[in-house]
Amino acid sequence: MASKRLLKKDVNYVMGDIIDAAYIHQMANPKEDPAKSESIVDEAIKEYDELITKINRRDVENKQKHFKEVQADLETKANALIEKLNAL
């Protein structure tokens, strides 16, 4: 079972890497519209907040199942953001 602390670290690292990649893309391509990469950063921050809120819920009966669902949710949201980054 993933612990709450490790799950929070995973969320932090994954969303942080996506934000870093968006900023690197923005610096590497200064002639492109920065609003596209900024929207990805904003969306990553929003997803980060949602995932941390889900992790911190206290009214969960089965923590193991809940943390697995959050981990799966993190994967799907991160993959969607990476797809948007690759499309830039």
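Start with the charges: the chain has 15 positive and 17 negative ones, and their mean positions sit 7 Å apart. Here Lys and Arg count as positive and Asp and Glu as negative, with His and the chain ends not counted; each charge is placed at NZ of Lys, CZ of Arg, CG of Asp or CD of Glu.

Keep in mind that this is a predicted model, where local features need pLDDT of at least 70, side-chain atom pairs count only at pLDDT 80 or more, and totals for chains, interfaces and linings use all residues. Residues are numbered from 1 along each chain as its sequence is written, and side-chain values use heavy atoms, leaving out hydrogens and water.

Now the fold. You'll find three helices and zero strands, in the order α-α-α (helices being DSSP runs of H or I, at least four residues, and strands runs of E, at least two, numbered from the N terminus). The C-alpha atoms fill a box of roughly 50 × 15 × 15 Å along the principal axes.

Of the 88 residues, 28% are buried, meaning under 20% relative accessible area with a 1.4 Å probe, protein chains only. Look at contacts (heavy atoms within 4.5 Å) between residues at least 6 apart in sequence, and 69% of them join residues at least 24 apart.

Finally, what lines the largest cavity? The lining is Lys4, Ile55, Arg57, Val60, Lys63, His66 and Phe67, where a lining residue has an atom within 4 Å of a cavity point, and a cavity is a set of points on a 1 Å grid where a 1.4 Å probe fits but cannot get out. Helix 3 (residues 63–87) gives the most, with three residues.

Note on methods:
Buried means under 20% relative accessible area, exposed over 50%, partly exposed in between (1.4 Å probe, protein chains only). On a 1 Å grid over the protein atoms alone, a cavity is a set of points where a 1.4 Å probe fits but cannot get out, and a pocket is an open set with protein on both sides within 12 Å along at least five of seven lines; lining residues have an atom within 4 Å of a point.
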